[in-house]
Amino acid sequence: MTSEQSVEPESSSQEESSSSDETAKPRHAGFAYTLGRSLITPLARLVYRPKIEGRENVPLTGPVIFASNHLSFIDSIAIPVAAPRPVHFLAKSTYFEGTGFQGWMSKTFFESIGAIPVRRGAGQAALDALDLQRQLLDEGLAVALYPEGTRSTDGRLYKGRTGVAFLALQTGAPVVPVGLIGTDKVMPVGAKMPTLKERITVRFGEPLDLSPHGPATSGRARRLATDEIMAAIHGLSGQELAGAYNEAPAQGTIEKIKQALPHERR
């Protein structure tokens, strides 16, 4: 399958994803999110005193995509806490499926910060995730995404994958770039609890209209739109540019060849 085919979840792909009960419709956070936002937001601001810049750049109504750099687990808490409107993001479904008191606590916490469960992975799972996000945007909601795909373990900003641009071009939703600074110091990769010694900065940039780049079906349009998003994030975060994709080392000869060949990362 070519990269061009793999990033266009249209027609048959949408029909396949709609047949899955787990991914056909996003499960909204509901009361837990309303309560959690009212409690966690003021508490987090009091304890961590985040420096928030550019809140006036965030549209208060209509679909919005927050596209952020990704340094720490708490990024998905920092953005909802700093944003002037509710924000939803996708989280691994395993966080919602635990049993006993610990499982209930995990499920309640993630629902309280606006997380939507999703089966992660490549192929159909990736298409289902895109479809979930599109449905949320179609309802006029705000979603948060990380174009790098996964957390940066060395603090550098990696090349963006084109899924965010695809959603923006497909739905017409504006993209608000976000620069997070210091979240990796508050809770480094591998840490079990955040520290209270550090302070984070959350910067919201001006909304980006990516439609001039072309339709979502164009690979060139997706790539150019993604590059514009990443340039805006870089301007806000000030990180060193990695100049490469953030992906795990290839396992086996075939995977090494796939990574070496030019293709679009979604």
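Which residue forms a salt bridge with Arg223? The legends below start there. This is a predicted model, in which local features need pLDDT of at least 70 and side-chain atom pairs count only at pLDDT 80 or more, while totals for chains, interfaces and linings use all residues. Residues are numbered from 1 along each chain as its sequence is written, and side-chain values use heavy atoms, with hydrogens and water left out.

**View 1. Arg223 and Asp227 in helix H9.** The partner is Asp227: its salt bridge with Arg223 has the closest N and O atoms 3.1 Å apart. A salt bridge here is a side-chain nitrogen of Lys or Arg within 4 Å of a carboxyl oxygen of Asp or Glu. Arg223 and Asp227 sit four residues apart in helix H9, so about one helical turn separates them. Helices (H or I, at least four residues) and strands (E, at least two) are DSSP runs, numbered from the N terminus. Elsewhere, salt bridges that share partners tie Lys51, Glu53 and Arg203 into one network. By this rule, the count comes to six salt bridges.

**View 2. Asp131 and Arg134 in helix H6.** Here's another salt bridge, with the closest N and O atoms of Asp131 and Arg134 2.6 Å apart. These two are three residues apart in H6 (residues 124–138), so they are separated by about one helical turn. In general, an α-helix has 3.6 residues a turn, so residues three or four places apart point the same way. Asp131 counts as buried at 10% relative accessibility, and Arg134 is buried at 19%. Buried means under 20% relative accessible area, exposed over 50%, and partly exposed in between (1.4 Å probe, protein chains only).

**View 3. Phe66 against Phe204.** The structure holds two aromatic pairs. In the one shown, the ring centres of Phe66 and Phe204 are 5.7 Å apart and the planes meet at 65 degrees, so the pair is edge-to-face. It links distant parts of the chain, with Phe66 in strand E2 (residues 64–68) and Phe204 in strand E7 (residues 201–204), 138 residues apart. Rings of Phe, Tyr and Trp (its six-membered ring) pair if their centres lie within 6.5 Å; planes under 30 degrees apart are stacked, over 60 edge-to-face, and the rest tilted. Phe66 is buried, at 0% relative accessible area, and so is Phe204, at 3%.

**View 4. Strand E5 beside E2.** E2 and E5 pair in the parallel sense over four bridges; two strands pair if DSSP finds at least two bridges between them. Val64 has Ala142 of E5 as its bridge partner. From E5 (residues 142–145), Ala142 and Ala144 point one way and Val143 and Leu145 the other, and all are buried.

**View 5. Gln239 in its loop.** Gln239 is found in the loop between helix H9 (219–237) and helix H10 (253–260), and counts as buried at 9% relative accessibility. A polar atom of its side chain lies 3.0 Å from the backbone oxygen of Gly155. A polar contact of 2.9 Å also joins the side chains of Gln239 and Ser237. Such a contact is a pair of N or O atoms within 3.5 Å; within protein, one must be able to donate a hydrogen and the other to accept it, and residues adjacent in sequence count only if both atoms are side-chain atoms.

**View 6. Helix H4.** Eight of the eight residues of H4 (residues 75–82) are buried, so this helix is largely enclosed by the rest of the structure.
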